[in-house]
Amino acid sequence: MDIPWDILIIQTVNGIVTGMILALVASGLTLIFGIMDVVNFAHGELFMLGAYMGVATLATTGSFWLALVVAMIIIAALGAALQVVTLRPLLGRDPLYTILATFGISLVLQNYALWQFGPVARKIQEPFSGQFTLFYLQYPWYRLLIAGLSAAMIGGLYLFLKYGRYGIWIRATTQDRVMAQAMGIPVPWVHTGVFAMGAGMAAASGVLFGPLVGVNHAMGLDWVLKAFIVVVVGGMGNLGGSIAASIFISLLEAYASIWVSPSQAIIVSSVVLILTLLFRPTGLFVPTPK
Amino acid sequence: MSLSRHASIYWTGFAVTILVLILAPLVLPEFWRRFLTEILIWGLLAMSSDILIGYTGMVSFGHSAFFGLGMYGAAAALLMVKPPNLWLAIVYGLAGSAAVALFVAYFSTRLRDIYFAITTLIFSQIFYVIIFTWTEVTGGENGLAFSRPGFGIPGLWTTPFTSTTLHWFVLAVVAAAYLLLRRLTQSPFGMVLQSIRENEARTRAIGYPVERYKMVAVMISGLFAGLAGVLYAVQNRFAAPDFVYFVVSGEVVIFNVMGGIGTLVGPIVGAGFFLGLREGLSRLFPYLATTFNLPYLAEFPYLVPVGIIFIAMVIFMPQGLLGFAKRWLNR
Amino acid sequence: MNPSEASAQPLISVEGVHTYYGKSHILNGVSLDVGRGEVVGLIGRNGVGKSTTLKTIMGLVNASAGRIVYDGRPISGLPSHKLARIGIAYVPEDRRIFKLLTVMENLRTGLDRNGVSEARKQELLEKMFAYFPRLAERRGQAGGTLSGGEQQMLAIGRAMMLEPKIILLDEPTEGLMPRMVSQIRESIEVLHRDGVAILLVEQNVSLTLAASQRV
């Protein structure tokens, strides 16, 4: 068989780029789940609204970087508000109810966006164009930037969790919520903070991803599904695992789309999910099966 | 309240409700007649899901797959076999949803709670993608259109359905399904399911093969959901991938929660409540827009206020509309 | 034992508290007082609700009736993290240190508070390490790798980081070797000398009788 090496390499790069964005989205989801046992259905919508905020800011200020920062701040605030209003009252109840509540939020946000912004996709301009030659193709620099920025943010998150004072609070709360409270850590606010952080990260992904596709109200749905697959395959609550899983799955999908259409590529990820559930239900990338 | 007194009140209530539903199409205009039938069909779907959510304690976001396969199965029968045969449609539809249910049951039942919910969600999306892209067989995005079969025995005697007679047929099916499911939940099998819901570990410790029970529960739930799909296909004469999309599953769960999980009847009420809100709000906003001259309000999506109501109910009224009657309805 | 500094008002006063676990009426009108700097012991058979009393005071379990007054303020119903900040520290049975955090990070959960200068933090740390030198040696290690006795020391040390006025100690010597037991007893004495009140729940009756001023 004639192996298309050049396409493979291009798809590898594509896979890594998409994988990094997915990792950014999934880390937020994993963090939220790990600390609060909340499956945030609305995560995709936070991603989507982040992209829209980016569009709006870009339109008024013309600066991509400003758009990125503003979107993150606004959506983080939105996330915090949502958590306080809808999720705090549900603390301690059956986790089913948080899934339902976040599902409700996702419906509301999605439809609101549809009404507010209309069904036509918007575009975010890349901060710089310019491409370099990768084999016979012109590969945009911007995509590498996305991967780099996402990696930087995830790296920042990791450092924050490991060394920051609030990082210790977050890790303590994840391990033992009750004792953390007994040590004076204001756990309800830690929850809000983490949710806000996750939301901010989703928003950043939305803005970063915006130039690659159109920004429209339904863009969150696909991502949420993939992010869920990633979180399960990577091990729920396992940050390193989600990142590895994101890249793994994105690579697989990128290779698969050489032969099948992209919408069918999700079947690939689903197969991975099924296999994981059958053989390593705690997650493919978990160091030791618990 | 003594058992026999309870029984007499219950059955009287049941009879009255059925009577009302029988008479309704005779007095309602066409649109509302169909609307009522739709409520019953969605109610059946929600009721099937209640077996899992309310009685076994497993939240499924995959019911759109069962529903959709029932729909497409019926479509297959109605398109491939001439003359269109109602009973064959039901058989094909049930077969389709049973196959899906088996698949889902096999992979998902060993998972707990959240993982189960997420995997059923992802599975229903897989089926969506398959149906959406396998255009030659499923008609892809456009779905399949077919004609409505008549009631009777094809070849011997059939009479076409009118919206009223179809309504009665659907009512009969849904009522029968309700009675069947009720019998089931009150049987020893149903008791084990509820015990699984209350405390899975203990049920397993007593010696019940919990996984097997769960799988059967998923199969039963899937079958009745498929039945709802068949009815929908018969009523609307088309099958489309939209119904397999996971949002439909989510809406089904909303019906369940709004109506009251674990009551069997609650989800039907929940479906009615939701659909009623949808109709009402869809008319309200354009009306407000024209009366107050706020044109942008005309398109305001009904799901925003409905979603907010839903969230509020989850927080403040998690037992649902009929939740207060849960014990009573289950006696 | 040293006579306690008699103060007119008890530091903590539990009055007529009832607590339920589900349907089980565990605490039935429990009342007790702990004065400032006093060491008070609670002994009794298993299951009478000694741990539950501590948990109720700490806000980990809700009392359905009764009052708890701390330093003149009623505190029933306040969330645990507020109680920790006003000076009530809790050391649970089975220690419950953060296993995946290092010793130092465990201590920081109590140490990182607003209004505490770096100098004071260092002071507290050094004082605590002086009593528990083993912890100083292991400060970079993950909590889960410590032995039972070391974990208990960490749990107490962590509580000390809060500079509490009272420590609620639940079964500190459970499962420990005799050598460790006396070390724990010494640490209780040290805390008492520093003026920290202690409400002690223990199975080991002799220890409790020796360490406490009232039982």
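**Close-up views of a predicted model**

**View 1. The open sheet of chain C.** In chain C, four strands form an open sheet in the order β2-β1-β4-β5, with antiparallel pairing; strands are DSSP runs of E with at least two residues, numbered from the N terminus, and two of them pair if DSSP finds at least two bridges between them. Because β2 (24–34) and β5 (73–74) of chain C stand at the edges with a single partner strand each, one side of each has no neighbour in the sheet. This is a predicted model, in which local features need pLDDT of at least 70 and side-chain atom pairs count only at pLDDT 80 or more, while totals for chains, interfaces and linings use all residues. Residues are numbered from 1 along each chain as its sequence is written, and chains are lettered from A and ligands numbered from 1 in the order in which they are written.

**View 2. Strands β1 and β4 of chain C.** Strand β1 (residues 12–21) and strand β4 (residues 63–70) of chain C run antiparallel and are joined by six bridges. C:His18 stands opposite C:Ala65, which belongs to β4(C).

**View 3. The side of chain B that touches chain A.** Here 29 residues of chain B are in contact with 32 residues of chain A, contact meaning that the C-beta atoms of two residues, placed from the backbone, lie within 7 Å. The helices (DSSP runs of H or I with at least four residues) α5 (113–133), α11 (246–259) and α13 (303–316) of chain B each supply at least two residues of this side, and the largest share, 11 residues, comes from α5(B).
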